[in-house]
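Reader: I would like to understand the words used to describe a protein structure. Can we go through them one by one, setting each value against its cut-off?

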Amino acid sequence: NRINSSGSKLWSTNGIVVCEAGTKKYMPFIASDNNHGAYIFWHDYTDYYYPYSYCDIYAQHLNSSGQKLWASDGLQVSNSNIHEWIGNLRTDSQGGVIVSWETNNKLGWHWWNDVHDSTQNVWVQKIYSSGDKVWPGGFQISTNSAKKYSISAVGDSGGGIIAAWVDMRNGNADIYAQGLTYSSTITGISGIITDATTSNPI
């Protein structure tokens, strides 16, 4: 729901149903679209089969009146047939939204307990307010084979993305960062920014 500064509900008494698909959905992320609307992202078990399951990422854009602007049950952000776990969600200066996530092919309900699984990778995506995605399935921000997790991404002043994550390539939990343009060009910031073996440990 949208609530004004006086505590009044602006959309409906019981809020807006963002997705009515018959799948398991949980842990939504929400960000303002800077125009009195909102972006909502969530984990969706579209590929659920007991006792194993994969969660994909879906999203919806609501305008200032609470109307859905994307597909009725959400826009599929990623579908890699492995677990996708949202890192963060940020709107940018162009009115779109940037989302980061990590992937992990460990099966089962509690895959996230094993944050050091060697198959984890980190991804980013920019989606315009219209629902158009810059990269069809997202952009893998680092192709290094090391374990990576806890990614976070923001927009930069030039319309690109800066992402940072925890990286185990040196045998330690170091923090790496990368700059990226929407033409998939790696720019600016690149490489390690905090080394766990020095005086600045994580």
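**Terms and values**

Author: M27 is partly exposed, with a relative accessible area of 41%. The model is a predicted one.

Reader: Why is M27 called partly exposed?

Author: Buried means under 20% relative accessible area and exposed means over 50%. M27 has 41%, which lies in between, so M27 counts as partly exposed. M27 belongs to strand β1, residues 24–32. Its phi is positive, about 50 degrees, although M27 is not a glycine.

Reader: What makes H36 exposed?

Author: H36 has a relative accessibility of 52%. The cut-off for exposed is over 50%, so H36 counts as exposed. H36 sits in the loop between β1 and β2. H36 also has a positive phi, about 70 degrees, without being a glycine.

Reader: What elements does the protein chain hold?

Author: There are 12 strands and 0 helices. Of the 202 residues in the protein chain, 42% are buried. The accessible surface is about 9900 Å², and carbon and sulfur atoms account for 49% of that surface.

Reader: Which strands form the open sheet, and in what order?

Author: The order is β5-β6-β7-β8, and the pairing is antiparallel. β5 (83–91) and β8 (139–140) are the edges: each has a single partner strand, so one side of each lacks a neighbour in the sheet.

Reader: How do you know that β7 and β8 are paired?

Author: Two strands pair if there are at least two bridges between them. β7 (residues 121–127) and β8 are joined by 2 bridges, so the pair meets that condition. The two strands run antiparallel. V124 stands opposite F139 in β8.

Reader: What is in the largest nonpolar core?

Author: The largest nonpolar core has 15 residues, and F41, V77, V99 and I127 have the most contacts inside it. β2 (38–49), β3 (52–62), β4 (75–78), β5, β6 (97–104) and β7 each supply at least two residues of this core. β6 gives the most, with 3 residues. A second, separate core has 14 residues, including I98, V122, F139 and W165.

Reader: Why would nonpolar side chains be found together?

Author: In soluble globular proteins, nonpolar side chains tend to be buried together.

Reader: What does V99 touch?

Author: Leaving aside neighbours within four places in sequence, V99 is in contact with F41, V77, I86, N88, L89, W123, V124 and Q125.

Reader: How do you know that D92 and K126 form a salt bridge?

Author: The cut-off is 4 Å between a side-chain nitrogen of Lys or Arg and a carboxyl oxygen of Asp or Glu. For D92 and K126 the distance from N to O is 2.6 Å, so the pair counts as a salt bridge. D92 is in the loop between β5 and β6, while K126 is in strand β7, 34 residues apart. Both D92 and K126 are buried.

Reader: How many salt bridges does the structure hold?

Author: The structure holds 2 salt bridges. One of them joins the side chains of R169 and D167, at 2.8 Å from N to O.

Reader: Are R169 and D167 buried, exposed or partly exposed?

Author: R169 has a relative accessible area of 31%, between the two cut-offs, so R169 is partly exposed. D167 has 0%, which is under 20%, so D167 is buried.

Reader: Why is P136 called exposed?

Author: P136 has a relative accessibility of 71%, which is over 50%, so P136 counts as exposed. P136 is in the loop between β7 and β8.

Reader: What does P136 touch?

Author: Not counting residues up to four places away in sequence, P136 touches V77 and Q125. P136 and V77 are 59 residues apart along the chain, and their C-alpha atoms are separated by 8.3 Å.

Note on methods
Residues are numbered from 1 along each chain as its sequence is written. This is a predicted model: local features need pLDDT of at least 70, side-chain atom pairs count only at pLDDT 80 or more; totals for chains, interfaces and linings use all residues. Side-chain values use heavy atoms; hydrogens and water are left out. Helices (H or I, at least four residues) and strands (E, at least two) are DSSP runs, numbered from the N terminus. A nonpolar core is a set of buried Ala, Val, Leu, Ile, Met, Phe, Trp, Tyr and Cys residues joined through side-chain atoms within 4.5 Å. Buried means under 20% relative accessible area, exposed over 50%, partly exposed in between (1.4 Å probe, protein chains only). Contact means heavy atoms within 4.5 Å. Accessible areas come from the Shrake-Rupley method with a 1.4 Å probe; for residues, only the protein chains shown count as cover.
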